[in-house]
Amino acid sequence: WRTTGSFSISSGPTARNRSQRGKRMTKILYYSTNRRLEGVGGLTPFTGQVSFREALIRGQAPDEGLFMPEPIPTLAVSEVLACKGRPYPETALLVAEAFLKDELPREAIRQVVDDAYNFDVPLERVHDRVYIMRLDRGPTASFKDFAARMMARLMSRLRDPGRRLNVLVATSGDTGSAVGEAFKGVEGIGVYILYPRNEVSGMQKKQLDTIGGNVLALSVDGKFDDCQNLVKQAFADPGLAGLNLTSANSINFGRILPQSIYYVYAYAQLAAPGEEIVFSVPSGNFGNALGCEYARRMGLPVRMLVMPTNENDEFPNYLRTGVYRKVSPSRACLSNAMNVGHPSNLARFFELYGGTVDRTGIVHAYPDLAEMRRRIFSVSVSDEETKETIRRVWERHRVLLEPHGAVGWRGLEHYLEACCGPIAEPCVCLETAHPAKFPDEIIELLGITPEVPQSMRDLEKRTGEPVDLPADYGRLRAFLLDTLRGTE
């Protein structure tokens, strides 16, 4: 399963982004990735533009495309470096205000980020200038907390009073619990989480089933791609328009914006003026990596975005061959949250590089492959490599990784090997979930029991059951019509 993409050192922001440095006062509007698909399968392209508020509340464009910002705001590197040594919410305010200055006053944005980010974001040096950024210290011990908490607070502020929002979300593991916990108890918003019954860990299932309140888990007899397609069908169904459906998956740009912040934060803390940085991002649905892509286009000096996948190798194969073929059905791997055969956010990556791919995986226009290869390195990491990496990193460095972080670490190693050795600039590997979420795997591989974080210690006391559904849209549609309402 090992496949590497071509690579070279990037030269910083694109010419397009440099030309936008004088446009910071231009109002940012959002367009659809499908806007050019005239005469394709009866689809009517959405050629308009909407505000951030509308993109956030809608979740998905009416033509099944994904919303994209235009122009992309820019930050001066000096602004970023001024955040060095400052608390995480200061960086969050800098990035969020660049996108949201037309939507909310600065003090309201500050309240959102201060409330959302009340936990640590450790950057741990492992060796030389190689670091792990631990994004597992939030309330559900997952990097999804960063996006979900900010998104919930933005939706609460920007929704119409009296209009109930119904958040429909598919999860391959951690997204659902992070979204559920973030929205739990939020007035006027209901949350319905679809997850693949047999492809989440026992700990993840417990988290999803027991959130309760205004949050309900739907256990689907299928794969994550089935859950994702059911959600997309519901959003495109005009018969459900009165239910005010919206998304908290990374198809919603409200999830991508918060995920760009921690790359800016890491650069501010680790880099010296004039330096570039390498990020390795374990990649499944590509929302996390997309946050890095946007940070680079905002002006962050990213030398390379490393995007390792598990055995769902559609993207590294594309970078190698120039031909995109989705993996269907997706392959079940140890890094279960990355079991995605056709990443939703590939549509945004293709758009950013000049191409178009739809939600079914059909490519209507290929992007600039040479430019992608200059900016992005991707490799597929097998389950055996994942296990070996967990063992080796623990034995050599006494650093505990879980399967997703291990894929990220091994992907960075592949990149450095392709570079013919270490590089001088900082390299940051993202650890996206707490090892305690995978106790069986850690015990089997290392013979130790990972310490359970405080956020997970009371989980066993919680109770709750999901609604069981087949992977059938008719059944989901009937459930939604019977259960949801569109007003308070």
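Is Tyr 30 buried or exposed? Tyr 30 has 0% relative accessibility and therefore counts as buried, where buried means under 20% relative accessible area, exposed over 50% and partly exposed in between (1.4 Å probe, protein chains only). The model is predicted, so local features need pLDDT of at least 70 and side-chain atom pairs count only at pLDDT 80 or more, while totals for chains, interfaces and linings use all residues. Residues are numbered from 1 along each chain as its sequence is written, and side-chain values use heavy atoms, with hydrogens and water left out.

Aromatic pairs were assigned to rings of Phe, Tyr and Trp (its six-membered ring) with centres within 6.5 Å; planes under 30 degrees apart count as stacked, over 60 as edge-to-face and the rest as tilted. The count by this rule is 22 aromatic pairs. In one of them, the ring centres of Tyr 30 and Phe 253 are 5.4 Å apart and the planes stand at 55 degrees, so the pair is tilted. Tyr 30 belongs to strand 1 (residues 29-32) and Phe 253 to helix 10 (residues 253-270), so the pair ties together parts 223 residues apart in sequence. Helices (H or I, at least four residues) and strands (E, at least two) are DSSP runs, numbered from the N terminus. Phe 253 is also buried, its relative accessible area being 2%.

For Tyr 117 and Phe 119, the centres are 6.3 Å apart and the planes at 80 degrees, so this pair is edge-to-face. Tyr 117 is buried at 4% relative accessibility, and Phe 119 is buried at 13%. Both residues belong to one aromatic cluster, together with Tyr 88, Phe 146, Tyr 262, Tyr 263, Tyr 265 and Phe 279.

Charges over rings were assigned where NZ of Lys or CZ of Arg is within 6 Å of the ring centre and within 35 degrees of the ring normal. Arg 297 places its charged end over the ring of Tyr 353, 4.8 Å from the centre. Arg 58 lies over the face of Phe 46, 5.6 Å from the ring centre.

Six strands form an open sheet of order 3-4-14-9-10-13 with mixed pairing, two strands being paired if DSSP finds at least two bridges between them. Strand 3 (123-127) and strand 13 (376-377) are the edge strands, each pairing on one side only. Strand 9 (residues 277-280) pairs with strand 10 (residues 302-306) in the parallel sense over 4 bridges; Met 304 in strand 10 is the bridge partner of Val 278.
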